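Hi,

Here is the structure I promised to pass on. Have a look at it first, and then read on for what turned up in it.

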Amino acid sequence: MTLKLGVPSKGRLMEKTFDWFAKRGVTLSRTGSDREYAGAVEGVSNMELVLLSAGEIPRELAAGRIHLGVTGTDLVQEKLPRFEQQVEELAELGFGHADLVLAVPQFWIDVDTLDDLDAAASAFRAQHGHRLRIATKYHRLVREFLTDAGVADYQLVDSQGATEGTVKNETAEMVADITSTGETLRANHLKLLADGLVLKSQATLWRSRVAKYGSADKAALNTLLDLLEHRK
Amino acid sequence: MAVRSQIQARAAMLRLRFEAAGAQVVDTPLLQPADTLLDLYGEDIRARAYVTSDALRGEQMLRPDFTVPVVEAHMRHGAEPARYTYSGEVFRRQEHFPDRPNEYLQVGYEVFERDDAAAADAEVFALFALQVRGLPLRAATGDIGILMAAVEGLNTTEKRKAALMRHIWRPRRFRSLLDRFAGRTPMPESRRKLLSTEGDLTGSAVELGKRRAAEVQARVEALRADAKAPPIAEHELLALEALMAVRETVPFATEQMRDIAVDLPQIIPALDRLDARTAAMKARGVDVDNLDFEASYGRTSMEYYDGFVFGFYAEARPDLPPVASGGRYDALTRRLGQGEEIPAVGGVLRPDLMLQLEEARK
């Protein structure tokens with residue numbers, strides 16, 4: 001058995017994850033061609049690199065098919081109910097910062113807080129005969145946030161990409177999306193709600209509480225944890 | 001744990017008893033159209049019910065309760081008055097309570113009766129109390145109609161009252177609205193700025209989306225008008241808070257609320273209805289002197305209760321959901337009736353929990 005580490009298979013997130021581990025004496029690399037999702041680990045014996053889509057890593061951790069995984073707090077909390085019971089946070093990696101925020105058109109000068117949003121949603125529903133639509137891919141997080149805040153008369157519509165454009169296309173009245181600088185939101189004439197921060201997220205190393213750990217896995221995990229501890 | 005066949009046998013027995021009490025058996029499909037439930041409960045229902053879909057019928061939900069389909073069936077072709085009973089599975093997602101079953105049997109009894117609300121309330125409560133007699137349960141009762149009457153009679157604008165009524169079932173938002181309307185919350189800077197303006201606002205921001213500039217302007221005007229309205233008076237607010245905090249046995253609760261009615265006379269008719277119900281319950285042998293009454297009971301549940309509410313809880317097992325619960329839902333029949341309405345009261349029992357408690361006592 002080997003200790004399995006799941007890392008996002010593409011783009012900057014993978015490279016930055018590799019850099020982060022390299023600084024701590026663990027060399028991760030992709031093997032084979034660029035199209036092949038296989039990897040190698042040096043620095044910790046009995047450890048294996050599994051390249052996965054970032055969105056699948058929470059599920060794989062919860063199923064115990066990987067022992068460790070790097071993915072955003074947003075994805076873990078969206079995909080895993082009672083996530084603390086299923087995974088343990090080992091380290092925040094200091095990149096991949098993103099906030100899940102509620103944003104409305106800038107010209108809604110009457111809406112600045114959740115309190116305003118709730119009132120506007122009520123009027124909108126009376127006027128248009130349907131609830132105010134919020135485009136998002138973070139259904140659970142947004143719903144729990146709005147339930148907690150006591151906002152009513154809204155509905156979530158699924159948007160897996162180009163979420164900011166849904167308002168212009170009139171498939172939604174507002175959005176709940178990930179932003180790091182807010183630039184895309186501004187470019188699409190949207191603004192943040194003052195109290196509409198749903199979640200602050202960054203790339204995080206998680207440990208599965210569900211996966212089985214044999215003695216070799218435990219040894220590998222301890223070696224890795226020592227290395228991480230060393231370079232904190 | 002009781003096995004499934006035992007639970008089913010108990011459910012069948014309970015349904016038979018409800019039939020003996022005069023109810024007619026109804027059955028409803030397991031798959032319910034999602035639209036109706038979403039329309040009633042909003043997005044919250046998705047956290048509680050299983051949603052499924054196909055390309056032809058769109059979204060459907062695995063029956064999260066019987067009340068809505070039973071009301072719909074009655075509104076379509078029910079004779080009056082009517083008493084219904086049913087027994088079957090309901091499905092609830094339990095993401096926050098993984099130890100609770102997500103599929104269980106419910107047995108229900110619903111009364112659609114125009115004439116004597118107090119008698120119908122008492123009939124339902126007494127019938128449920130009889131089914132759970134002998135189990136170590138605490139009964140809780142309440143009446144959301146009293147709080148609604150208090151809000152409707154507040155000396156403030158219709159808009160504020162409508163906003164409060166809309167959030168009766170969301171205590172936190174209700175609280176923050178109340179604080180704002182009473183002038184207790186400092187105004188956010190953005191609001192102060194907005195209110196310092198006059199006339200039509202012409203901004204540089206692009207108008208986009210289905211919510212139009214005219215709607216924004218209309219709300220700005222509503223905010224300006226609201227800022228001119230005086231805050232809810234202190235004595236009204238204190239009386240309302242005292243009312244929401246009432247938690248006593250029925251006789252003492254009634255006495256406290258009669259005192260509160262000096263400042264909130266609008267609740268007097270609702271209190272008279274409570275007295276009538278208490279008398280009707282007493283006549284049916286309910287020990288009302290030792291029955292708990294909480295004025296805020298039933299406000300956090302998603303159900304559409306707007307009058308009498310009750311629940312039976314296992315005293316030694318606070319982790320369990322209520323073994324039986326129910327209440328009056330006149331407003332629900334109005335919402336589903338497309339112009340029609342009929343006063344209705346009913347409740348459901350959990351045979352699995354009854355068996356579990358009986359076993360634990362052995």
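A nonpolar core here means a set of buried Ala, Val, Leu, Ile, Met, Phe, Trp, Tyr and Cys residues joined through C-beta atoms within 7 Å. A residue is buried if 20 or more other C-beta atoms lie within 10 Å of its own, exposed if 12 or fewer, and partly exposed in between, with C-beta atoms placed from the backbone. This is a predicted model, in which local features need pLDDT of at least 70 and side-chain atom pairs count only at pLDDT 80 or more, while totals for chains, interfaces and linings use all residues. Residues are numbered from 1 along each chain as its sequence is written, and chains are lettered from A and ligands numbered from 1 in the order in which they are written.

The largest nonpolar core has 82 residues, and those with the most contacts inside it include Val124(B), Phe128(B) and Leu243(B). Its biggest contributor is helix α5 (residues 117-131) of chain B, with eight residues. (Helices, H or I of at least four residues, and strands, E of at least two, are DSSP runs numbered from the N terminus.) A second, separate core of 39 residues includes Val101(A) and Leu193(A).

Leu243(B) also belongs to helix α11 (residues 234-244) of chain B, whose buried residues are Ala239(B), Leu240(B) and Leu243(B). They cover an arc of only 100° around the axis, which puts them on the same side of α11(B); the arc is that of the directions from the helix axis to the C-beta atoms.

Now to the sheet. In chain B, nine strands form an open sheet with mixed pairing, in the order β1-β5-β6-β12-β11-β10-β7-β9-β8; two strands pair if DSSP finds at least two bridges between them. β1 (24-25) and β8 (247-249) of chain B are at the edges with a single partner strand each, so one side of each has no neighbour in the sheet. β6 (residues 103-112) and β12 (residues 344-349) of chain B run antiparallel and are joined by six bridges. Within this pair, Tyr109(B) stands opposite Gly347(B).

Where do the chains meet? 31 residues of chain B are in contact with 33 residues of chain A, contact meaning C-beta atoms, placed from the backbone, within 7 Å. α10(B) gives the most to the side of chain B that touches chain A, with six residues.

Finally, the UniProt annotation "domain: ATP phosphoribosyltransferase catalytic", from an unreviewed entry, covers residues 54-228 of chain A; such annotations may be inferred rather than shown by experiment, feature names are shortened, and positions are given in the numbering used here. That stretch is 36% helix and 30% strand.

Best wishes

Methods: Two residues are in contact if their C-beta atoms, placed from the backbone, lie within 7 Å.
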